[in-house]
Amino acid sequence: MNTKTKAMISALALLPAAYLFAIAPGRQKKALMKRLKDYDYAHRGLHDNLWGVPENSMTAFAAAIENNYGIELDIHLTRDHRLVVFHDDNLRRMCHTDREICEMTWDELSKLRLLNTDETIPLFEDVLKLVDGKVPLIIELKVDHDNYNELCTLADRMLSAYHGDYCIESFHPLAVFWYRKNRKNIVRGQLACNFKKYPRHFSAGPLALSHLITNVIARPDFIAYNYEDRKNLGFFLNHRLFHAMTVMWTVTNAEDIKVLKKQGHTIIFEQPH
């Protein structure tokens, strides 16, 4: 066996170790994470878009609190640097106007209505006042045009004055990394799914994210993964080998919820129709 062949075999032997190193989670904040695991989380609040309780609305959040569910919600940064609670990048689906939320001011957004109801897009600060620590929060950081640094900075500034339990998560690994670098004590999660289902988004970055290779940058405390994609190897190893906290989104079937909770997963759910 020549030297070149030996080097190649040695390199191949190291690949599994390198892969495991890349996908490993961070060190978990066990006390807070135990409290977070005690809840099921209402996706965008306890909403029903078909029956007049829009997602990410104050009414949906109040309903989740009343039923003692944790709340998963999404925050965007407006053009005038306000934090608002809204899921989509575009306002078309929820407000019937074809504009990007990051290109609008808070004054402009405050005039819009969610799905033709009386509900408006909430300010993040108003949602925090409403929740007031009654239930825990999973806060998704919605990065627009790589504005993760400003988004994380403003969100952290606001949350520093908040006294309830919360964690942050994002699809954008650099937003999760921001918290790793600047706020090690805050529980941070990496959102992911199988991006093969979305060919338009499936390139080198999403490929790495699908398999949780970006964990080498973010070292998240938990993995939030699409429950239909849970057979992904990277996710499976985080759950079974590394015993990371795992959050399943978005589950709508009561039987699936029962099975997933038995397997030790935390649940983000929506009510089935």
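Predicted model: local features only at pLDDT ≥ 70, side-chain atom pairs only at ≥ 80, totals over all residues.
Is Lys258 buried or exposed? Lys258 counts as exposed, at 55% relative accessibility.

**Salt bridges**

- Side chains of opposite charge can pair when their charged atoms come close.
- Glu255 and Lys258 are separated by about one helical turn, because they sit three residues apart in helix H12 (residues 254-262).
- Arg99 and Glu108 form another salt bridge, with 4.0 Å between the closest N and O atoms.
- Asp221 pairs with Arg188, their closest N and O atoms lying 3.8 Å apart.
- Asp221 is in the loop between H10 and strand S7 (222-226), while Arg188 belongs to strand S6 (residues 188-192), so this pair ties together parts that are 33 residues apart in sequence.
- Asp221 and Arg188 are both buried.
- A network of salt bridges links Arg44, Glu55, Asp88 and Arg93.

**Nonpolar surface patch**

- On the surface, Phe21, Leu174, Phe177, Val216 and Ile217 make up a nonpolar patch, and together they have about 410 Å² of accessible area.
- Helix H8 (173-182) and helix H10 (215-218) are the elements that each give two or more residues to this patch.
- Leu174 is found in helix H8, and with a relative accessible area of 33% this residue is partly exposed.

**Cavity**

- Rolling a probe the size of a water molecule over the atoms shows where empty space is left.
- The largest cavity holds about 30 Å³ of space.
- Its lining consists of Ala42, His43, Gly45, Leu46, His47, Phe269, Glu270 and Gln271.
- By type, the lining residues divide into three nonpolar, four polar and one charged.

**A buried loop residue**

- Asp144 sits in the loop that runs between strand S4 (137-141) and helix H7 (148-159).
- Asp144 counts as buried because its relative accessibility is 6%, and the cut-off for buried is under 20%.
- The C-alpha atoms of Asp144 and Ile101 are separated by 9.1 Å, although the two residues are 43 residues apart along the chain.

Technical notes. Residues numbered from 1 in each chain as written. Heavy atoms only, no water. Patch = residues over 30% accessible without salt bridge, like charges linked within 9 Å, V, L, I, M, F, W, Y side chains within 5 Å. Areas by Shrake-Rupley, 256 points an atom, 1.4 Å probe, with all protein chains shown as cover. Salt bridge = Lys/Arg side-chain N within 4 Å of Asp/Glu carboxyl O. Helix = DSSP H or I, 4+ residues; strand = E, 2+ residues; numbered from the N terminus. Buried < 20%, exposed > 50% of the residue type's maximum accessible area, 1.4 Å probe, protein only. 1 Å grid on protein atoms, 1.4 Å probe; cavity = no way out; pocket = protein on both sides within 12 Å on 5 of 7 lines; lining within 4 Å. Points joined across faces, edges and corners; volume = space filled by probe spheres on them. Nonpolar A, V, L, I, M, F, W, Y, C, P; charged D, E, K, R; others polar.
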